[in-house]
Amino acid sequence: MRKGLTAVVFGVCLFTATGGAQQPAGGVTELTPLDYIEIQQLAIRYAYGLDSTADNGYMYADVFTSDGEFVGRQVPLTQGREALARVARSVRKGNPMYVRHFIANHEIHPSPEGATGKVYLMVVDVEEGQPSSIYIGGRYEDVYVKTPQGWRIKRRDARNMGTPRNPGL
């Protein structure tokens, strides 16, 4: 009897620890620790892909779903892989050594679609022979979905962006 009870308790603990209850009330899916890590890595690839224009802009575009959207005050609604890759290719000095977009303080929450998030953004101008300066700052508000290729951004909305230091850049 004691072995049977121990097995039941162990099974309940294992079921709970591994996320066996994936649909709490309200239809919001629980996220695993791996989900949080993968979404954070997505945000990192976003910045690297945008600054480097790697893979002809597709590293950036591929952090989004195939119909993913980016919208912001400086950029009109941009939707779809090709349009997003063009955004990355338009980066003034995009190359593997270019560093401009810094993302921090990532907040992630489960949602019925998958997850939502907020992340701070600071865009810094680093010019050789010139003092570095903050170009713009603000935050992104995101909707993330899990696809067969992994977590992707469904929609990224740039919010609270201040006036750019030098709009002509």
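A salt bridge here is a side-chain nitrogen of Lys or Arg within 4 Å of a carboxyl oxygen of Asp or Glu. By that rule the count comes to nine salt bridges. This is a predicted model, where local features need pLDDT of at least 70 and side-chain atom pairs count only at pLDDT 80 or more, while totals for chains, interfaces and linings use all residues. Residues are numbered from 1 along each chain as its sequence is written, and side-chain values use heavy atoms, with hydrogens and water left out.

**Figure 1. The whole chain, for orientation.**
The protein chain has four helices and six strands; these are DSSP runs numbered from the N terminus (helices are H or I with at least four residues, strands are E with at least two). Read along the sequence, the pattern goes α-α-α-β-β-α-β-β-β-β. Of the 169 residues, 38% count as buried (buried means under 20% relative accessible area, exposed over 50%, partly exposed in between, with a 1.4 Å probe and protein chains only). Take the contacts (heavy atoms within 4.5 Å) between residues at least 6 apart in sequence: 52% of them join residues at least 24 apart. The chain exposes about 10,000 Å², and carbon and sulfur atoms supply 59% of that; accessible areas come from the Shrake-Rupley method with a 1.4 Å probe, and for residues only the protein chains shown count as cover.

**Figure 2. Asp-125 and Arg-100, a buried salt bridge.**
Here the two side chains meet with N to O at 2.8 Å. Asp-125 belongs to strand S4 (residues 115-125) and Arg-100 to the loop between helix H4 (81-89) and S3, so the bridge ties together parts that are 25 residues apart in sequence. Asp-125 is buried, at 3% relative accessibility, and Arg-100 is buried too, at 11%.

For a charge to sit over a ring, NZ of Lys or CZ of Arg has to be within 6 Å of the ring centre and within 35 degrees of the ring normal. Elsewhere, the charged end of Arg-89 sits over the ring of Tyr-58, 5.8 Å from its centre.

**Figure 3. A salt-bridge network.**
Asp-157 and Arg-159 meet through their side chains at 3.0 Å, N to O. Asp-157 is buried, with a relative accessible area of 15%, whereas Arg-159 is partly exposed at 33%. Salt bridges with shared partners join Arg-139, Glu-141, Asp-157 and Arg-159 into one network.

**Figure 4. Aromatic rings in a cluster.**
A search of the whole structure turns up five aromatic pairs. Rings of Phe, Tyr and Trp (its six-membered ring) pair if their centres lie within 6.5 Å; planes under 30 degrees apart count as stacked, over 60 as edge-to-face and the rest as tilted. Phe-70 and Tyr-140 have ring centres 5.9 Å apart and planes at 75 degrees, so they are edge-to-face. The pair links distant parts of the chain, with Phe-70 in strand S1 (residues 64-71) and Tyr-140 in strand S5 (residues 133-147), 70 residues apart. Phe-70 is buried at 7% relative accessibility, and so is Tyr-140 at 3%. Together with Tyr-46, Tyr-60 and Phe-64, these two form one aromatic cluster.

**Figure 5. The buried residues of H4.**
Ala-83, Leu-84, Ala-85, Val-87 and Ala-88 are the buried residues of H4. They pack against helix H2 (33-52), helix H3 (58-61), S1 and strand S2 (78-79).

**Figure 6. Lys-146 and its surroundings.**
Lys-146 lies in strand S5 and is exposed, with a relative accessible area of 51%. Leaving aside residues up to four places away in sequence, Lys-146 touches Asp-35, Glu-38 and Trp-151. Thr-65 is 81 residues from Lys-146 in sequence and 9.2 Å from it in space, C-alpha to C-alpha.
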